[in-house]
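Visitor: I have a model open and would like to learn how to read it. Where do we begin?

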Amino acid sequence: MTDDELTAIRGRIDELDRRIIALLAERETFVRRAGRLKTDAGAVRAPDRVAQLVRRARSTATELGASPDVVERTYRAMIGAFIDLELAAVGMTGAPPIEPVRPGDAGELLTLQRAAYATEARIYGDPGLPPLVQTLDELTEELERGLAFKVTHGHRIVGAVRGRVEDDLLRIGRLTVAPDFQGRGLGTALLAAIEESVTPAVRHATLFTGHLSAANLRLYERLGYAEERREPLRPGVELVHLTKRLA
């Protein structure tokens, strides 16, 4: 390939980039209009809508002979940028980032877990709920064997979620948000993060909560989880198992 040929190809790429940016500018006008209709971060992040867009993008890429993986990565980056734009529209410009948990986070995660589950203990009249009596060694071992993500605010962990993959199933557990950070869409964002962290071979996600945990049930059902079965835990308490198709 000669220098002239390379220059010509780069010129065509520059032209395409300008067209792409023009389309992004048009897309931004609609994103801003949609953002004005949303009132919280959970509605902005809309993980089900993101998953739908990514599936459609991969399908279109296949139809047009493009790499689905490249298109998905590009789309996820674009969607993330527009989500940040929409978050600004609903006053969430300082939304904390989500990142993988580190081994040294175990102690702070245990403190967060106990604070978050104190409300559940009051609902069920049971101070011995498993999340409240889990030891640091047990939690550390769990982190070594599975997935875990956290939300930080400054130097403080204010939310976390854990899970593990078994064949084509993602088992999600210990979704926790600090009491003073609840209602900001962090639970929704954490669930989206762990769902998106697994490979396409993982087809379903499952989680459970107590039957009296109304807020948890509303959140999970809003995010696409459907009740699968109920399991008696002790007299007057049932565990509600819910599942969601990921792919």
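**Reading the model, feature by feature**

Guide: Start with one residue. Arg32 sits in helix α1. Keep in mind that this is a predicted model.

Visitor: Is Arg32 buried, partly exposed or exposed?

Guide: Arg32 has a relative accessible area of 42%, so it is partly exposed. The cut-offs behind that call are under 20% for buried and over 50% for exposed.

Visitor: Now the overall picture. How many helices and strands does the protein chain have?

Guide: The protein chain has nine helices and seven strands. Its C-alpha atoms fill a box of roughly 75 × 40 × 35 Å along the principal axes. Of the 247 residues, 37% are buried.

Visitor: How do I read a single helix? What is the reach of α3?

Guide: Compare its reach with the expected one. Helix α3 covers residues 47-64, which is 18 residues. From first C-alpha to last it reaches 26 Å, close to the 26 Å expected at 1.5 Å a residue.

Visitor: Which residues of α3 are buried?

Guide: Pro47, Val50, Leu53, Val54, Ala57 and Ala61 are buried in α3. They cover an arc of only 120° around the axis, so they lie on the same side of α3.

Visitor: Which exposed residues does the face turned away from that buried side carry?

Guide: That face of α3 carries Thr62 and Glu63, both exposed. Go on past the helix end. Just after α3, Gly65 takes a positive phi of about 80°.

Visitor: Where does a residue other than glycine have a positive phi?

Guide: Look at Asp167, with phi near 55°. Asp167 is in the loop between β3 (156-166) and β4 (169-177). Its relative accessibility is 75%, so Asp167 counts as exposed. Arg174 is not a glycine either, yet it has a positive phi of about 55°. Arg174 lies in strand β4.

Visitor: Next, charges. What is the general idea?

Guide: Side chains of opposite charge can pair when their charged atoms come close. The cut-off here is a nitrogen of Lys or Arg within 4 Å of a carboxyl oxygen of Asp or Glu. By that rule the count is 18 salt bridges.

Visitor: Which residue forms a salt bridge with Glu72?

Guide: Arg58 does, and the closest N and O atoms are 2.6 Å apart. Glu72 lies in helix α4 (residues 68-89) and Arg58 in helix α3, so the pair ties together parts that are 14 residues apart in sequence. Check the accessibility of each partner. Glu72 is buried, with a relative accessible area of 17%. Arg58 is partly exposed at 26%.

Visitor: Which residues are linked with them in a network of salt bridges?

Guide: The network links Arg58, Asp69, Glu72, Arg76 and Glu196.

Visitor: What about Glu166?

Guide: Take its partners one by one. Arg164 forms a salt bridge with Glu166, with closest N and O atoms 2.7 Å apart. The side chain of Arg171 also meets that of Glu166 in a salt bridge, at 2.8 Å from N to O. Glu166 has 31% relative accessibility and counts as partly exposed. Arg164 is partly exposed at 40%. Arg171 is partly exposed at 34%.

Visitor: And aromatic rings?

Guide: A pair of aromatic rings is described by the distance of the centres and the angle of the planes. This structure holds one aromatic pair. The ring centres of Tyr220 and Tyr225 are 6.3 Å apart and the planes are at 65°, so the pair is edge-to-face. The cut-off for that label is over 60 degrees.

Visitor: Are Tyr220 and Tyr225 buried or exposed?

Guide: Tyr220 and Tyr225 are both buried.

Visitor: Last topic. Which residues form a nonpolar patch on the surface?

Guide: Met1, Leu6, Ile9 and Ile13 form one. Together they have about 390 Å² of accessible area. Take Ile9 as the example. Ile9 is found in helix α1, residues 3-35. At 40% relative accessibility, Ile9 counts as partly exposed.

Terms used: Residues numbered from 1 in each chain as written. Predicted model: local features only at pLDDT ≥ 70, side-chain atom pairs only at ≥ 80, totals over all residues. Heavy atoms only, no water. Phe/Tyr/Trp six-rings, centres within 6.5 Å; stacked < 30°, edge-to-face > 60°. Buried < 20%, exposed > 50% of the residue type's maximum accessible area, 1.4 Å probe, protein only. Helix = DSSP H or I, 4+ residues; strand = E, 2+ residues; numbered from the N terminus. Expected span 1.5 Å × (residues − 1). Arc of directions from axis to C-beta. Patch = residues over 30% accessible without salt bridge, like charges linked within 9 Å, V, L, I, M, F, W, Y side chains within 5 Å. Areas by Shrake-Rupley, 256 points an atom, 1.4 Å probe, with all protein chains shown as cover.
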